[in-house]
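Good morning, and thank you for coming.

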Amino acid sequence: AAAAAAANGNGGKSSNPKKNPKPKNKQPKQQPKQQPPKQLANDPPLECTKADFNALLEDAAGLANFEEAATELLDCARYGEVDACRAILDVWSNKDKVNKEDDATNNKQQPIIVDANDASQTTPLHKACANGHTSTVQLFLSRRAIHVQNDSGNTPLHWAAGAGHAGCVKLLLDHYDALFLQNKNKDNSKDSSGKDNNDSDSIEQLDVLLKNKFGRSALTEGFTSGDTKTVEHLLNHDSAEEEKLIGGLDKEDVKDEKEANDVATGTMGGDGKKEKKGIVHEFDFLRGNVEAEIENGDDDSPLVLIRELPITHADNPFGQAAIEDTTGLGIWCASLVMSRWLASPSMTKRMHSKSILELGAGCGIPALSAAVYGSPNSVTITDLNPETIDNLRYNIELNKFGDSVTTASSIDWGDEATYPSHKLDYVICSDCIYQKDIVPLLKKVVTGLLDPNHGSFLYVAPEGGRDGLPEFIAAMKIEGFECVKEDIAPDGYRENPLKSGDEEDCFLHFHELASTVYVLYEFRRR
């Protein structure tokens, strides 16, 4: 399915969750294999000496107030300084108890240090999971950290899964499953007054299909990471039931069929009117580009405006046919690197008065960047899924291209009848190769589109981990094309491209950008 989807113009962005669903047990009442009981996390052992830890306790006690302690804890969690986190928790958890008693008469809600959060509602557990600090995650779980969504709807599980941190994913799933069962067993435990003996809040089991505000679940993020163990842990969880994987939604979670349809299609509106729900990003692809700043001498760089939509049926984004593939509704980091490349002054000069076509464009960021920062003769942005094409047209209008220079159209890579009639100077594509099966199809469409005399194909992909990429590179080099560029993308191409410059916001939306090495390829007709 991934190869078919990519081959027909949408570009496989992650493996298909439906290819390996949890098998149904069709044997009635078969005895399941005995699984070891899941355990609550315990404090990890000290990594520093006792003397050094005592010094850390003194440092923690010297923090001026809760806010300062919370900020320090968030920073230590991010960098995996587990013993520093332990010291802050030891000191300030005791202060939490005292402050709770002092504030009880004032009805003030005293925060708990382990669940401190920043302006985006990101907790220490989020930070540790995002960066793969297993011991730090274990510590926070042992101290009863809560598992919550931040402002973007991401949970710690989302971030651990998206970064392929299998150890953190397993810790989260096992701990909260054990906590859920423990809490469930206590539900019937009442004292003589009828009061629940368990004073903790009701614990809900983690759901690997819970979606963030972009329609992506932890399972989707896990598949995107490409880490086999991460995906295995997620698929083996009780919440990854086959019915929910196929439907993408638990019917009990919505009020009626209409609401279920609205949620599943990523639309929701009042008065019978449906509206696309998503976010518009403002990109400045010249931001931090010294070459561009010298060239332009102007602080007000043009912006590329891109609407990103929730991926419809995010836990089965490829559908049953290529045309149902909705992965292009989301933004993928390789396209941001390609956009930086195309926005550079050297590339805009080369593309002056040239014709450009983007394959598997998704949201269309690279092609729109070429149009915004340069002066090409024509820009054609292509994909296959109708909803993705609609969003491409929306993004073209968003960037105020009212003429016919920049257009969106549908191309089926395997059907030459869908190709434009004229040959092109440049064909561009970002991270569309995931399986070897796609190699002949991508080569076919590139060969069929480019001007046979001087056409160039530009491609950006992560340095490794893409099945079929080496075969494609080899095929292009020996069959009518010369590889004139195969370079690691400059560090500046992986910097925050958001106009706001907000690093936290960039990490929330594009956490793979800074941590992945990308390669820039250019193939030219011989």
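The largest nonpolar core has 50 residues, and those with the most contacts inside it are Phe 140 and Leu 172. A nonpolar core here is a set of buried Ala, Val, Leu, Ile, Met, Phe, Trp, Tyr and Cys residues joined through side-chain atoms within 4.5 Å. Buried stands for under 20% relative accessible area, exposed for over 50%, and partly exposed for what lies in between, with a 1.4 Å probe and protein chains only. Helix 4 (residues 82-103) supplies the largest share of this core, eight residues. Apart from this core lies another, of 45 residues, including Ile 306, Met 338, Cys 363 and Val 460.

A word on the basis: this is a predicted model, in which local features need pLDDT of at least 70 and side-chain atom pairs count only at pLDDT 80 or more, while totals for chains, interfaces and linings use all residues. Residues are numbered from 1 along each chain as its sequence is written, and side-chain values use heavy atoms, with hydrogens and water left out.

I turn to the aromatic rings. A search of the whole structure finds ten aromatic pairs. Rings of Phe, Tyr and Trp (its six-membered ring) pair if their centres lie within 6.5 Å; planes under 30 degrees apart count as stacked, over 60 as edge-to-face and the rest as tilted.

How far apart are the ring centres of Trp 159 and Phe 507? They are 5.1 Å apart with planes at 90°, so this pair is edge-to-face. Trp 159 belongs to helix 7 (residues 156-162) and Phe 507 to helix 20 (residues 503-509), so the pair ties together parts that are 348 residues apart in sequence. Helices (H or I, at least four residues) and strands (E, at least two) are DSSP runs, numbered from the N terminus. Trp 159 is buried, at 5% relative accessibility, whereas Phe 507 is partly exposed, at 28%.

For Phe 283 and Phe 510, the ring centres are 5.9 Å apart and the planes at 45°, so that pair is tilted. Phe 283 lies in strand 1 (residues 279-283) and Phe 510 in the loop between helix 20 and strand 9 (518-525), so parts 227 residues apart in sequence are tied together. Phe 283 is buried at 0% relative accessibility, and Phe 510 is buried with a relative accessible area of 2%.

Finally, one aromatic cluster is formed by Phe 457, Tyr 459, Phe 472, Tyr 521 and Phe 523.
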